[in-house]
Amino acid sequence: MIIGVVAAAIGYELAIEHPTGHNELPWLAMVLGGPALFLAGRVRFEYEVFGRVSPSRLVAIAALLLPAPLLVRAAPLVGAIWAVPVLAAVAVADVRRAWGRPPEDPATPF
């Protein structure tokens, strides 16, 4: 999860420095791969602590990575803008799942 946060920070710094410039694959890997890596780490954490995997995170990882070939042709800012609603949708899904329920007790998968 920490590597994902660092990669996302690098990607967003690149998008801020060159918002309308030519997009490169390593830049896009940081902009979209960072949040995807964070979500993958969160999936693993959630599995280890609660013994379950949220489908919203898996869908979000796919939503971040699948349009990457199309976003390579766009400006770096477009990739950063694409990540925002995807991550917001994960947050909304988490709030909807937890709304009105008591805090979850840990339940390891073993």
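Helices here are DSSP runs of at least four residues, numbered from the N terminus. By that numbering, Glu46 falls within helix α2, which covers residues 25-50. The model is a predicted one.

Glu46 has a relative accessible area of 0%. Burial requires a value under 20%, and Glu46 is therefore classed as buried. Its contacts beyond four places in sequence are Gly51, Arg52, Val53, Ser54, Arg57 and Arg97. One of these, Arg97, forms a salt bridge with Glu46. The closest N and O atoms of that pair are 3.8 Å apart. Arg97 is partly exposed, at 27% relative accessibility.

The search of the whole structure returned six salt bridges. Another of them pairs Asp94 with Arg57, with the closest N and O atoms at 2.7 Å. This pair also joins distant parts of the chain: Asp94 sits in helix α5 and Arg57 in helix α3, 37 residues apart. Asp94 is buried, with a relative accessible area of 18%. Arg57 is buried as well, at 3% relative accessibility. Asp94 has a further salt bridge, to Arg97, where the closest N and O atoms are 3.3 Å apart. Asp94 and Arg97 are three residues apart in helix α5, so about one helical turn separates them. Through shared partners, salt bridges connect Glu46, Arg52, Arg57, Asp94 and Arg97 into one network.

The packing of helices α3 and α5 comes next. Two packed helices are described by the angle between their axes and the distance between the axes. Helix α3 spans residues 55-65 and helix α5 spans residues 76-98. They pack at an angle of about 175°, and their axes are 10 Å apart. An angle over 145 degrees counts as roughly antiparallel, and α3 and α5 are therefore roughly antiparallel to each other. On the α3 side, the contact is made by Ser56, Arg57, Ala60, Ala63 and Leu64. On the α5 side, Trp82, Ala83, Val86, Val90, Ala93, Asp94 and Arg97 take part. By class, this contact holds eight nonpolar residues, one polar residue and three charged residues.

Nonpolar residues were then examined as a group. In soluble globular proteins, nonpolar side chains tend to be buried together. The largest nonpolar core in this model has 15 residues. Leu28, Leu32, Leu39, Ala60 and Leu64 have the most contacts inside this core. Two or more residues each come from α2, α3, α4 (68-71) and α5. Helix α2 gives the most, with five residues.

Glu104 lies in the segment after α5. Its relative accessibility is 45%, which makes Glu104 partly exposed. Apart from neighbours within four places in sequence, Glu104 is in contact with Phe50 and Arg52. Glu104 and Ala8 are 96 residues apart along the chain, and their C-alpha atoms are separated by 29 Å.

How values were computed
Residues are numbered from 1 along each chain as its sequence is written. This is a predicted model: local features need pLDDT of at least 70, side-chain atom pairs count only at pLDDT 80 or more; totals for chains, interfaces and linings use all residues. Side-chain values use heavy atoms; hydrogens and water are left out. Axes are lines fitted to C-alpha atoms, for helices over the stretch in contact, and angles run from 0 to 180 degrees between N-to-C directions. Angles under 35 degrees count as roughly parallel, over 145 as roughly antiparallel, 65 to 115 as roughly perpendicular and the rest as oblique. Contact means heavy atoms within 4.5 Å. Ala, Val, Leu, Ile, Met, Phe, Trp, Tyr, Cys and Pro count as nonpolar, Asp, Glu, Lys and Arg as charged, and the others, Gly among them, as polar. Buried means under 20% relative accessible area, exposed over 50%, partly exposed in between (1.4 Å probe, protein chains only). A nonpolar core is a set of buried Ala, Val, Leu, Ile, Met, Phe, Trp, Tyr and Cys residues joined through side-chain atoms within 4.5 Å. A salt bridge is a side-chain nitrogen of Lys or Arg within 4 Å of a carboxyl oxygen of Asp or Glu.
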